[in-house]
Amino acid sequence: MTRRDTILVTGATGNVGRHVVSLLRRADAPVRALTRDPPAADLPGDVEVTRGDLDAPESLAAAVADVGAVFLLWPSFSAAGAAAAVEAVTRHARRVVYLSALQAGDQPDSVWGTVERLVEASGVDWTFLRCGGFATNTLAWADRVRAEGVVRAPYAEAARSLIHEADIAEVAVRALTGEGHAGRAYALTGAEAVTQAEQAHLIGEAIGRPVRFEEQSEAEAREELLAVFGDPALVDASLAYWRGLVTEPEPVTTTVAEVTGRPARTYAQWARDHAADFGGPVAAR
């Protein structure tokens, strides 16, 4: 890949993708953003924005033309259609950096494992970012924190090593633009495992007022999650996983530091960066 090869960013308007686009611009790399709705993308004017949808591989022709590398984020909990989408992308790109999940290595038939195998079989240079839980998932608490100063969730003592989306993006950009990352599966987590009750406390510190954690029953949590996920098996598996974190916290890796030369951001830093989302002050940039 040469420095002037275009890099396609899928999921470019999402939490991680926006950071990837920003960092690539800062590195003066040509960026093309894939989105279903270009007028609503709200990306800088010097970013080439292309309409397309990974769920409709026939829509990707313009997006993948002349690209050297792709940041790939599969948009579904199902791998249906992934083979055609990966084929469309890898027909042109020589490098794919795929945003995967920690469990992909142990669960090859999961959606993440399935997409990994498709990318690997394509013959391109690949890097898999096997991420733990995203800190941005706790934005689901934001409405209640703003209104009531409360986080309601099951398993107060479940300890998670949630990763800041900016750290994922920094590793992704290193893999997209640098050498030495091909064939690597990076296990990425945040800097430490923090209980959910402590996460609520740290949000309170970030916004300057107390946030109380109220522990939900499993039955109440299941009902709420069914409305979001729609898949009872996925809900039950998620609850079982979180329940296990009470006694066995999520692992913490040092991969972010090894790849970027800087330690992973803490959850406290993430909370400060997102204080405005929870009704606090806008974070200084």
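Is Gly279 buried, exposed or partly exposed? Gly279 is partly exposed, with a relative accessible area of 37%; here buried means under 20% relative accessible area, exposed means over 50%, and partly exposed lies in between (1.4 Å probe, protein chains only). Please keep in mind that this is a predicted model, where local features need pLDDT of at least 70 and side-chain atom pairs count only at pLDDT 80 or more, while totals for chains, interfaces and linings use all residues. Residues are numbered from 1 along each chain as its sequence is written, and side-chain values use heavy atoms, with hydrogens and water left out.

**View 1. Gly279 and the residues it touches.** Gly279 sits in the segment after helix H11 (267-273). Helices (H or I, at least four residues) and strands (E, at least two) are DSSP runs, numbered from the N terminus. Not counting residues up to four places away in sequence, Gly279 touches Arg146 and Arg209, where contact means heavy atoms within 4.5 Å. Val145 is 134 residues from Gly279 along the chain, and the C-alpha atoms of the two are separated by 7.7 Å.

**View 2. An aromatic pair between Tyr98 and Phe128.** A pair of aromatic rings is described by the distance of the centres and the angle of the planes. Rings of Phe, Tyr and Trp (its six-membered ring) pair if their centres lie within 6.5 Å; planes under 30 degrees apart count as stacked, over 60 as edge-to-face and the rest as tilted. A search of the whole structure finds five aromatic pairs. One of them joins Tyr98 and Phe128 edge-to-face, with 6.2 Å from centre to centre and 90° between the planes. Tyr98 belongs to strand E5 (residues 95-101) and Phe128 to strand E6 (residues 125-131), so the pair ties together parts that are 30 residues apart in sequence. Tyr98 is buried, at a relative accessible area of 1%, and Phe128 also counts as buried, at 1% relative accessibility. Ring pairs link Tyr98, Trp126 and Phe128 into a cluster.

**View 3. Strand E2 and its partners E1 and E3.** How many residues of strand E2 (residues 31-35) are buried? Five of the five are, so the strand is largely enclosed by the rest of the structure. Val31, Ala33 and Thr35 point one way from E2, while Arg32 and Leu34 point the other way. Two strands pair if DSSP finds at least two bridges between them. Strand E1 (residues 6-9) runs parallel to E2 and is joined to it by three bridges, with Ile7 opposite Val31. Between E1 and E2 the chain passes through helix H1 (residues 15-26), and this β-α-β crossover is right-handed: with the strands pointing away from the viewer, the path from the first strand over the helix to the second runs clockwise. E2 also runs parallel to strand E3 (residues 48-51), with four bridges joining them, and Ala33 stands opposite Val49 in E3.

**View 4. The largest nonpolar core.** A nonpolar core is a set of buried Ala, Val, Leu, Ile, Met, Phe, Trp, Tyr and Cys residues joined through side-chain atoms within 4.5 Å. The largest one has 33 residues, and those touching the most other members are Val9, Val20, Leu24, Phe71, Leu129, Leu176 and Leu188. Helix H6 (residues 165-177) gives the largest share of this core, seven residues. Leaving aside neighbours within four places in sequence, Leu188 is in contact with several residues, including Leu102, Leu129, Ile163 and Val256. Another core, of 24 residues, lies apart from it, with Val70, Val115, Val119 and Phe128 among them.

**View 5. Thr260 in helix H10.** Thr260 lies in helix H10 (residues 255-260) and is buried, with a relative accessible area of 10%. A polar atom of the Thr260 side chain is 2.7 Å from the backbone oxygen of Val256. Leaving aside neighbours within four places in sequence, Thr260 is in contact with Glu170, Val171 and Arg174.

View 6. Most residues other than glycine have a negative phi. Asp28 is in the loop between H1 and E2 and counts as partly exposed, at 47% relative accessibility. Asp66 is found in the loop between helix H2 (61-64) and strand E4 (67-72) and counts as exposed, at 66% relative accessibility.

Definitions and conventions:
Polar contact = N/O pair within 3.5 Å; in protein donor to acceptor, adjacent residues only side chain to side chain.
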